[in-house]
Amino acid sequence: MHQTLICSETGQTYDIDRLQNLSDTGKPLLAGYDLDSLRETFTPQAVRARGERSMWKFWEVLPVEAPEQAVSLGEGCTPLLSCSRRGPFEPFSRLSVKDEAMNPTGSFKARGMSAAITRAVALGAKTVALPSAGNAAGAATYYSARAGIECFLFMPEDTPPANIVESAVGGANVFLVNGLISDCGKLVRQGCERFGWFDLSTLKEPFRIEGKKTMGYELAFDLASPRVATRELGLELPDVIFYPTGGGTGLIGMWKAFDEMEQLGWIGSGRPRMVVVQAEGCSPIVQAFQAGAGHADMFPNAHTVASGLRVPAAVGDFLMLNVLRESNGTAVSVTDEDLLQGVHEFSTHQGIYACPEGGAVWKACQQLAADGWLSPDERIVLFNTGAGLKYNHLFPVDNLPRLDHADPDCLDALTD
Ligand SMILES: Cc1ncc(COP(=O)(O)O)c(C=O)c1O
């Protein structure tokens, strides 16, 4: 492959043609590409002209030598929906939502798993394992099934039932653990050593981030406008991006994508301000950012209904904090009550049944506008990272009115 793996801390290179996890210093490995050699053929115009309706339209910067090698279920190419100026959304004139719920298995985790399982299988992996508090489990299950390999999942007992059922139905070996995702991670490590599984944990293998970075490439195309004079496609980035952050793969991935696009000559040096959004009950990155720290401490007693945000310690913490500082961004936390309110507002005013993590970014956006950190006229992108349908258990509706269809007057109640 015309790619290499680079330690995100030391810059040391590693063999890309072997299954790899963390570097010798215990840090994430990132994929590097010979972007100069791609400049001629890999252009925005060429990508736009491709018929491929998945993230693999960017295959030159993904871990394959040809797009046909991908283990794909049609992930990516999600819509960027502009928000109607209704209700609490009224002040925001250029607000949009990248709706990642439209992915296979209902979340952005599909992108990462498609890339990681594609590469793992190409390098001979027969069994993969990971801890997951939700959507990664479903994605790993179905991409493993697609590839014909075995998948071991370790999930906290309080993982949303939909994620557990989805994974069990998809044939994964599911284990429920009486602890947090970090406790599940320990079991995965032990299992990998003992049974030879390949560890697919967030940022502990190099390619989930590659899949997720395609969100950054897509955004530039979603906002592109044709340059009439040169007949080129003028790629654009938003002013601000709000991202619900657990392990941070998407945030780090998008930042990497922007860097690659600049090296390819597709965009200039301007960057969006990146905003990390976490739940108040689990906000290690927010705390570290506010303290001006380079790493985050383990967050004690992590709890939130937004299961994707229940990550008390992240291996890529220093990478996220770098992105926030380099982009002039910030980090905010939202209470569970607020983020569930955010889901209601997305649902009733925008027609988007967002996941709680998506509800959180909307409330964080409102909060930062109220604080004057951003102007409602800026071009803002919110990430709805998953489908609200997987979180139905958070919205009990037992008190709906019942009607007796045999009663001819049953609709009378509506006239009061
Ligand atoms: C719906 C949802 N949003 C956000 C996240 C956090 O993603 P990341 O690990 O990229 O920070 C997750 C992770 O589980 C998730 O399922």
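How are H10 and H11 oriented to each other? In this predicted model, the axes of helix H10 (residues 336–350) and helix H11 (residues 356–370) cross at roughly 95° and come within 7 Å. An angle of 65 to 115 degrees counts as roughly perpendicular, and H10 and H11 are therefore roughly perpendicular to each other. On the H10 side, the residues that meet H11 are Asp 338, Leu 339, Leu 340, Gln 341, Gly 342, Val 343, Glu 345 and Phe 346. H11 answers with Pro 356, Gly 358, Gly 359, Ala 360, Trp 362 and Lys 363. Sorted by class, this contact holds 7 nonpolar, 4 polar and 3 charged residues.

Helix H7 (249–263) turns up in several places, starting with the ligand. Together with helix H3 (135–147), H7 belongs to the helices that each supply at least two residues of the shell around the ligand. There are 17 residues around the ligand, and the ones that come nearest are Gly 246, Gly 247, Gly 308, Thr 385 and Gly 386. As for the make-up of that shell, 13 residues are polar, 3 are nonpolar and 1 is charged.

H7 also packs against other helices. One partner is helix H6 (residues 208–222), whose axis comes within 7 Å of that of H7 and crosses it at roughly 60°. With that angle, H6 and H7 are therefore oblique to each other, and the crossing is right-handed. From H6, the contact takes in Arg 208, Ile 209, Lys 212, Lys 213, Met 215, Gly 216, Tyr 217 and Ala 220. From H7 come Thr 249, Gly 250, Ile 252, Gly 253, Met 254, Lys 256, Ala 257, Phe 258 and Met 261. Split by class, the residues of the contact of H6 with H7 are 9 nonpolar, 4 polar and 4 charged.

Another partner of H7 is helix H9 (residues 317–326). Here the axes come within 9 Å and cross at roughly 55°, which makes H7 oblique to H9. This crossing is left-handed. The contact brings Leu 251, Ile 252 and Trp 255 of H7 up against Leu 319, Met 320 and Val 323 of H9. The class count is simple: 6 nonpolar residues, with no polar and no charged ones.

An open sheet of 6 strands runs in the order S4-S5-S15-S12-S13-S14, and its pairing is mixed. At its edges are strand S4 (80–82) and strand S14 (330–334), each of which pairs on one side only. On average, and ignoring direction, neighbouring strands of this sheet are turned by 25° against each other. Between strand S13 (residues 273–279) and S14 there are 5 bridges, in the parallel sense. Val 275 has Thr 330 in S14 as its bridge partner. Helix H8 (residues 284–291) packs on the sheet, where it touches S13 and S14, and its direction makes about 135° with that of S14. H9 lies across S13 and S14 too, running at about 135° to S13.

A further open sheet has 4 strands in the order S8-S7-S6-S9, with parallel pairing. Strand S8 (173–177) and strand S9 (198–199) sit at the edges with a single partner strand each, so one side of each has no neighbour in the sheet. Strand S7 (residues 150–156) pairs with S8 over 5 bridges in the parallel sense, and Phe 152 stands opposite Asn 173 in S8.

Leu 5 stands opposite Tyr 14 in S2. S1 and S2 form a hairpin with 5 residues between them, and Gly 11 in the turn has a positive phi of about 85°.

Note on methods: Residues numbered from 1 in each chain as written. Predicted model: local features only at pLDDT ≥ 70, side-chain atom pairs only at ≥ 80, totals over all residues. Near = placed C-beta within 6 Å. Nonpolar A, V, L, I, M, F, W, Y, C, P; charged D, E, K, R; others polar. Axes fitted to C-alpha atoms, helices over the stretch in contact; angles between N-to-C directions. Parallel < 35°, antiparallel > 145°, perpendicular 65-115°, else oblique. Left-handed = near helix turned anticlockwise from the far one by under 90°. Contact = placed C-beta atoms within 7 Å. Pairing = 2+ DSSP bridges.
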